[in-house]
Amino acid sequence: MFELYLFLALVALGYIFGQWIEKKHYKDIIRREKETLSVPVVSLKSYPVMEQGATGHLVSGNVVISIDRFKQLLAGLRNFFGGRVTSYETLLDRARREAVLRMKERAISYGAKAVINIKIETASISKGRSNKGSVGSVEVVAYGTALVPNDFLK
Amino acid sequence: MQYTPKHIPEGINTTQSHPLKELFVLLAGTAALIFSVIGIALVLSDKLVSYIPIELENKMFGESAAQAFEIKNSEEDEVLLDYLKGLVEKLQEGASEEQIPFTLHLIHSSTPNAFAFLGGHIGVTTGLLQHVQSENGLAMVLAHELGHHYNRDPIKGAGRGVILTLVFIGLLGIGGDDWVQSIIADATTVGMLSFSREQERKADEFGKQLLAAHYGHSAGADEFFESLKNQQNKKNDIPEFLSTHPNPEERIKFLKTNTPQQLTPLPELVKEYRINQNKQSNLATAESD
């Protein structure tokens, strides 16, 4: 019986804190995206800025976000019935945007005008040891080439 | 290539649904699924369990209940039991189905009650004898309990008990907390011993049928329940029988006949038995004073 109460408590905790943290994170993401709008991030292999002469730097951003019990419960039920697991959608969205933002911010600190040839990769940490107590987390890595114009520092 | 900085709107990679609503919908779906599975299992159990032949049921459970009832019967108890057994056998002749074997038990208790349970057992308390005025009334009670056996109600109750126990074991695991287990055990016992309204109604119908076949009419069928109701009205406390068999008014209405008929009186041996019982209980109360 105790395990049931513990589980319910964790689910409630997950809901209250998880939703609050998610809202905060989204606000933060939207603000930073607005601030860094001027630097495009593309998966193209070349970009006009290169014609004026530019140096390339490898930049990457990564983030690890943990899943709370509430999301897990929703996902478990969805796995049984089928359909979109909406509780994980926001997780992945936040993680991807955060990773790209961190990569951008790194690039901007180099003085880059654009980041090209970006790739995004997702991993699920602690997938190997799936024991009962642990809860998984999702990791997203975004990497690309930051193009810094050669006349930047001049 | 032209790059125009523009903020992408929200909600493209996510679904705008409130998580609590989603949780509620999913949980409701899961609950509906579980209850429908249990419902189907109970219906199936009722159907399948009826295929167990009565001889097999009596063989399996005949002994165990008799041992639970290890009462020493005095000689006059045996005489009474013989009479009751004869009465039930005569009543059985009026049944449209094949007759079934049964075992009668006399329980020494002042609380009026009658039981039918697994293994073809029918029990009546000595207290019940105080609440019937004619043989018809007594016959109705016996025929009603016999009806439960004809309808296989006891074994159906046992089947449901098994299914519900399995469900609870599956949900909570063997060896949950002690108090949970005791609650489940109580619930299953109650489920096994009590019959549904529908089953009680069918048993009433059966009893009325048998009475009509044997006496030519079913007058006196409501005697027992009327007597209990009077006791309730007089003493203002609910007899135990009524607390487990609800809605006596409906049953009295169903069992009543409007045309008065000649009722067969109780044989002398029953009346004598009753007097002896009263004497003994008076003695007992006198001694304890």
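Student: Is B:Asp46 buried or exposed?

Tutor: B:Asp46 has a relative accessible area of 16%, so it counts as buried. The cut-offs are under 20% for buried and over 50% for exposed, with partly exposed in between (1.4 Å probe, protein chains only). The areas come from the Shrake-Rupley method. This is a predicted model, in which local features need pLDDT of at least 70, side-chain atom pairs count only at pLDDT 80 or more, and totals for chains, interfaces and linings use all residues. Residues are numbered from 1 along each chain as its sequence is written, chains are lettered from A and ligands numbered from 1 in the order written, and side-chain values use heavy atoms, without hydrogens and water.

Student: Which residue forms a salt bridge with B:Asp46?

Tutor: First the idea. Side chains of opposite charge can pair when their charged atoms come close. The rule asks for a side-chain nitrogen of Lys or Arg within 4 Å of a carboxyl oxygen of Asp or Glu. Here the partner is B:Arg160, with the closest N and O atoms 2.8 Å apart. The pair links distant parts of the chain: B:Asp46 sits in helix H1 (residues 19-49) of chain B and B:Arg160 in helix H6 (residues 153-172), 114 residues apart. Helices are DSSP runs (H or I, at least four residues), as are strands (E, at least two), numbered from the N terminus. B:Arg160 is partly exposed, at 36% relative accessible area.

Student: How many salt bridges are there over all chains?

Tutor: The count is 21. Take A:Glu22 and A:Lys71, whose side chains meet at 2.8 Å, N to O. A:Glu22 lies in helix H1 (residues 2-35) of chain A and A:Lys71 in helix H2 (residues 69-81), 49 residues apart. Both residues are buried.

Student: Where do A:Arg102 and A:Glu98 lie?

Tutor: Both are in helix H3 (residues 86-110) of chain A, four residues apart, about one turn of the helix. A:Glu98 is buried because its relative accessibility is 4%. A:Arg102 has a relative accessible area of 36%, so it is partly exposed.

Student: How should I read the strands? Which strand runs parallel to S1 of chain B?

Tutor: Strands pair if DSSP finds at least two bridges between them. Strand S1 (residues 103-107) of chain B runs parallel to S3(B), joined by five bridges. B:Ile107 stands opposite B:Thr125 in S3(B). Strand S2 (residues 114-117) of chain B pairs with S3(B) in the antiparallel sense, over four bridges. There, B:Phe117 faces B:His121. The hairpin of S2(B) and S3(B) has three residues between the strands, and B:Gly119 takes a positive phi near 100 degrees.

Student: How many residues of S3(B) are buried?

Tutor: Five of the five residues in strand S3 (residues 121-125) of chain B are buried. B:His121, B:Gly123 and B:Thr125 point one way, B:Ile122 and B:Val124 the other.

Student: Now the surface. Which residues form the negative surface patch?

Tutor: Patch residues have over 30% relative accessible area and no salt bridge; like charges are joined within 9 Å, nonpolar side chains (Val, Leu, Ile, Met, Phe, Trp, Tyr) within 5 Å. Asp and Glu count as negative, placed at CG of Asp or CD of Glu. The patch is made of B:Glu75, B:Glu76, B:Glu78, B:Asp82, B:Glu268 and B:Glu272. Helix H3 (75-92) and helix H12 (268-288) of chain B each give two or more residues. H3(B) gives the most, with four.

Note on methods: Areas by Shrake-Rupley, 256 points an atom, 1.4 Å probe, with all protein chains shown as cover.
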